[in-house]
2 protein chains.
Amino acid sequence: MNLENTKAQMRKGVLEFCILSILSEEEAYVSDIINKMKEAKLIVVEGTLYPLLNRLKNDGVLEYRWEESKSGPPRKYYKITPLGKAMLDELMVSWNELIASVNSIITI
Amino acid sequence: MNLENTKAQMRKGVLEFCILSILSEEEAYVSDIINKMKEAKLIVVEGTLYPLLNRLKNDGVLEYRWEESKSGPPRKYYKITPLGKAMLDELMVSWNELIASVNSIITI
DNA sequence: TTCACTACTTTGTATTGCAAGGTACTAAAA
DNA sequence: TTTTAGTACCTTGCAATACAAAGTAGTGAA
């Protein structure tokens with residue numbers, strides 16, 4: 001048995017979807033995102049997030065701006081692009097379809 | 001944008017959960033599983049399934065028996081073990097928690 | 001100038017889904 | 001008998017990616 005592993009797989013599956021969703025509400029930098037995910041009981045760490053955000057930026061679904069901070073180095077604030085919004089809309093559909101699919105399996 | 005990729009990630013996340021769920025209902029061999037997943041609109045292929053079933057067997061959550069076939073080589077029929085049932089129960093909880101988590105994020 | 005804190009970045013590893021190709025069994029066709 | 005078709009199981013190699021861990025660099029206080 002490897003419960004934690006399988007649970008982690010589930011969590012990973014919705015990672016991008018959740019991050020796009022968070023950034024569709026308001027700008028955020030990495031620590032903000034980690035905290036918001038944590039509030040929703042979804043643990044995610046720096047080493048995961050930086051490459052992921054970069055990937056999403058390269059895909060054109062996110063963009064960022066630098067902002068000075070009073071307590072340390074400047075921060076990269078990410079926000080969603082119109083293309084990202086479109087993708088989020090489609091992922092919302094996919095997420096609901098996935099729930100329906102899983103539901104149809106577990107209620108045989 | 002890389003929608004198909006992200007959708008695939010979501011699907012992967014629930015793969016083990018769905019397979020355990022299917023095998024908790026009745027024995028099945030690989031083609032059965034592929035077909036049942038397809039009915040639920042979840043595509044999965046041989047190359048994914050064989051290593052996965054083996055992994056789950058090694059974890060003690062699945063077991064199998066051979067059965068002769070009239071139309072070809074013998075088939076490996078998999079079914080869930082008591083340990084697998086226990087895991088499935090926990091995954092069911094995790095799945096519902098994940099839905100709640102994602103829900104709390106997308107309805108900010 | 002040293003330390004603590006914060007933030008961004010990179011490297012290395014392990015997992016794993018999947019395409020593609022391989023082996024082997026049965027039975028029917030040539 | 002040999003070939004072909006169909007079915008089923010298995011393996012190899014690759015690419016994606018989450019994550020731990022270590023690195024770089026900015027600010028301000030001790």
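DNA strand D has 24 residues around it, and the closest are A:Thr48, B:Tyr29, B:Tyr50, B:Arg75 and B:Lys76. A residue is near a strand here if one of its heavy atoms lies within 4 Å of it. Before going on: this is a predicted model, where local features need pLDDT of at least 70 and side-chain atom pairs count only at pLDDT 80 or more, while totals for chains, interfaces and linings use all residues. Residues are numbered from 1 along each chain as its sequence is written, chains are lettered from A and ligands numbered from 1 in the order in which they are written, and side-chain values use heavy atoms, with hydrogens and water left out.

Sugar or phosphate holds 71% of the atoms of DNA strand D within 4 Å of the protein, and bases hold the rest. Some phosphate distances: a polar side-chain atom of A:Thr48 is 2.9 Å from a phosphate oxygen of DNA strand D. For B:Arg75, the distance from a side-chain N or O atom to a phosphate oxygen of DNA strand D is 2.5 Å, and for B:Ser31 it is 3.5 Å. Two or more residues of the surface near DNA strand D come from each of α1, α4 and β2 of chain A, and from each of α1, α3 (30-39), α4 and β2 of chain B. Helices (H or I, at least four residues) and strands (E, at least two) are DSSP runs, numbered from the N terminus. β2(B) has the largest share, five residues. By class, that surface has eight nonpolar, nine polar and seven charged residues. Nonpolar covers Ala, Val, Leu, Ile, Met, Phe, Trp, Tyr, Cys and Pro, charged covers Asp, Glu, Lys and Arg, and the others, Gly among them, are polar.

Now the other strand. Which residues come nearest to DNA strand C? Of the 23 around DNA strand C, they are A:Tyr29, A:Tyr50, A:Arg75, A:Lys76 and B:Gly47. Sugar and phosphate make up 77% of the atoms of DNA strand C that come within 4 Å of the protein. A side-chain N or O atom of A:Tyr50 is 2.5 Å from a phosphate oxygen of DNA strand C. For A:Asn5, a polar side-chain atom lies 3.1 Å from a phosphate oxygen of DNA strand C. β2(A) gives the most to the surface near DNA strand C, four residues.

Next, A:Ser101, in helix α5 (residues 82-106) of chain A. Why does A:Ser101 count as buried? Because its relative accessibility is 8%, and buried means under 20% relative accessible area (1.4 Å probe, protein chains only). Leaving out residues up to four places away in sequence, A:Ser101 touches B:Ala40, B:Lys41 and B:Leu42; contact means heavy atoms within 4.5 Å.

Last, the contact between the chains. Chain A and chain B each put in 38 residues. About 3800 Å² is buried between chain A and chain B, with carbon and sulfur atoms giving 73%; buried area is the accessible area (1.4 Å probe) that two parts lose on being put together, summed over both. In chain A, the residues that lose the most area to chain B are A:Met1, A:Met10 and A:Ile105, together 20% of what that side buries.

Technical notes
Polar contact = N/O pair within 3.5 Å; in protein donor to acceptor, adjacent residues only side chain to side chain. Buried < 20%, exposed > 50% of the residue type's maximum accessible area, 1.4 Å probe, protein only.
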